[in-house]
Amino acid sequence: MSEISSNLYAHLRQAFPADLDAIAVETDAGQLYTWRDLDRGSAVLANFLQSLDLPQGSRIAVQVEKSVEALMLYLATLRAGFVFLPLNTAYQSAEIGYFFDNAEPAVVVCSAHNFAWVSTLAFKAGTRCVLTLNDDRTGSLLERAVHASDVHAVADNRADDVAVIIYTSGTTGRSKGAMLTHGNMLSNALVLKDAWGWRSPAQGGDVLIHALPIFHVHGLFVTIHGALLNGSKMIWLARFDPKVVLQHLPYATVFMGVPTLYVRLLGEPGLTKGLAKHMRLFISGSAPLLLDTFKAWQVRTGHTILERYGMSETVMLTSNPYQGVRRGGTVGPALPGVNLRVTDAHGAQVQTGCIGDIQVKGPNVFAGYWRMPERTAEEFTPDGFFKTGDVGTLDHDGYLTIVGRSKDLIISGGYNVYPAELESFINDLPGVAESAVVGVPHADFGEVGVAVVVARHGVTLDPAQIIVRLKSCVANYKVPKQCHVVAELPRNAMGKVQKNLLRSRFSAA
Ligand code: MLC
Ligand code: AMP
């Protein structure tokens, strides 16, 4: 038997059910896509991409609304052996311009309504081809690809070939592109298939409700690879709407969400044990799940949420057990194959129960930051462990509890917001002397940013105007929900801003 290529798509394709005419994806608009549609649609797009005669390793940057065609474009990029670069639809021109300059994508695909400004930035960065893809199956990508063949031989990639670049914002400086290989993602998807007890079609199958955006690790990899690698149907929701999720709950078995999704679902009186009785598994991640939410979910649905932990650079790292005790407030033990340790400031492993930095090693850990060898080296220990920037503690059973972060990061509704990035935007505004952005607790988003700003001598600043200015230059989810003008920022003896004081002062507000 010939050995299967290490190309991730080859493995996903091998897991498609024998009946290719079975439904693979059902959208909330009632569109049905079979497994054959996914295979042929991605083949057409892969052939089209390859017809562009792009150099090996070309980046295909994609900023489009969620659609099944966008999913096919992802699969097409994988199977053609190019590098997929997903971009949040909320990113504005300053953010996108940076990504294009840094990644130099050969192809950019965007929504038609953004074509003017996106193509200007792309051509400036040397991109050869800018195409459009809309969420109603229109756009120049599909028009140009229409004549391509629907038969395609999957590229023969090696496990260490880069498949995806995911940009993560930085605590200092600009965003870094985390390079994930075919091997990183396949190894992780295979581990999760076992760990979460995915039921094969022969065992009755699983049906996943896909309610997340498809430009980050959670909605692009954990959900999609999980379903495809198991031959499981997806109920594909264009956006998260708790009422729509409830309508589909009786026909599904698996749901994955960030904590905000669970909080909003709990706000629906229609969420009952009866409605959730066919469900097999609810999984939460990307941000801390409050114990209150964990418990309220048990009471309302009779299900215990399985919380897991991961990040863009590593895909999934730990998971509460599928069979076994799921402990609220913890993210469970390290997944098989993941070597996880908690260390002190000198890199020595701390005692069980003590708090320290979380470091990891394994086949899932990324290949480094795109064109940033020094930054990559800084994030690894001499013995090859990746420093996650998260702080936690392991108990006697190996369960990890995340207690904080050494990186200055706010996680809002599952999206990462880096204060340093916002502070630099605020500091550039006229009349601003300095600023600090801190995260405060929020009932819906878990945490939100608050900006604290000091005016230049003799200037009167309008906090509302600062928010308006920020909304015009950064993704809307990054914009602080409040802005306060103060006389000065509290500093310690070293001159460092005491963000903890600002956090407690403005939490109540
Ligand atoms: C939207 N807003 C947010 C926000 N989402 N503000 C802060 N944080 C967020 N996450 C803004 C909107 O722009 C709007 O601002 C206002 O808040 C109200 O918006 P909304 O209508 O309530 O937002 P909605 O469109 O419903 O989106 C909320 C959400 C979405 C929770 C559904 O944020 C979401 O899909 N989050 C999931 C993120 C995710 O997939 N993370 C995975 C990362 S991978 P205004 O000013 O316009 O009114 C990862 C690794 C891992 O972390 O381990 O998984
Ligand atoms: P990202 O860089 O967007 O992939 O975000 C990764 C970060 O999200 C991690 O480093 C953690 O700080 C956080 N994270 C992911 N899952 C969890 C979780 N279950 N609990 C707490 N934090 C989490």
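User: Two strands pair if DSSP finds at least two bridges between them. With that in mind, over how many bridges do strand β9 (residues 207-210) and strand β11 (residues 254-257) pair?

Analyst: Quick ground rules: this is a predicted model, where local features need pLDDT of at least 70 and side-chain atom pairs count only at pLDDT 80 or more, while totals for chains, interfaces and linings use all residues. Residues are numbered from 1 along each chain as its sequence is written, chains are lettered from A and ligands numbered from 1 in the order in which they are written, and side-chain values use heavy atoms, leaving out hydrogens and water. Strands (E, at least two residues) and helices (H or I, at least four) are DSSP runs, numbered from the N terminus. β9 and β11 run in the parallel sense, with L208 standing opposite V254, and the number of bridges between these two strands is two.

User: Which strands stand at the edges of the eight-stranded open sheet?

Analyst: The pairing in this sheet is mixed, and the order is β2-β1-β10-β9-β11-β12-β13-β14. From one strand to the next, the twist averages 25 degrees. Two strands have a single partner each, so one side of each is left without a neighbour in the sheet: β2 (32-34) and β14 (315-319).

User: At about what angle does helix α2 run to β2?

Analyst: Helix α2 (residues 35-51) lies across β1 (23-27), β2 and β10 (233-236). Axes here are lines fitted to C-alpha atoms, for helices over the stretch in contact (heavy atoms within 4.5 Å). Angles run from 0 to 180 degrees between N-to-C directions, and for α2 against β2 the value is about 75 degrees.

User: How many of the ten residues of strand β22 (residues 446-455) are buried?

Analyst: Take the neighbours to begin with: β21 (residues 432-442) pairs with β22 in the antiparallel sense over ten bridges, and a hairpin of three residues joins β21 to β22. β22 also pairs with β23 (residues 482-486), in the parallel sense over five bridges, with V452 opposite H484. β22 itself is mostly covered, and its buried count is nine.

User: R341 pairs with D383 in a salt bridge; is R341 buried or exposed?

Analyst: A salt bridge puts a side-chain nitrogen of Lys or Arg within 4 Å of a carboxyl oxygen of Asp or Glu, and this one comes in at 2.8 Å. R341 sits in strand β15 (residues 339-343), and D383 is 42 residues apart from it, in the loop between α12 (373-378) and β17 (386-394). D383 counts as partly exposed because its relative accessibility is 38%. At 11% relative accessibility, R341 counts as buried.

User: Which residue forms a salt bridge with K499?

Analyst: K499 belongs to helix α15 (residues 499-507), and its partner is 76 residues apart, in helix α13 (residues 419-427). Both ends of the pair are buried. The closest N and O atoms are 2.6 Å apart, and the partner is E423.

Note on methods
Buried means under 20% relative accessible area, exposed over 50%, partly exposed in between (1.4 Å probe, protein chains only).
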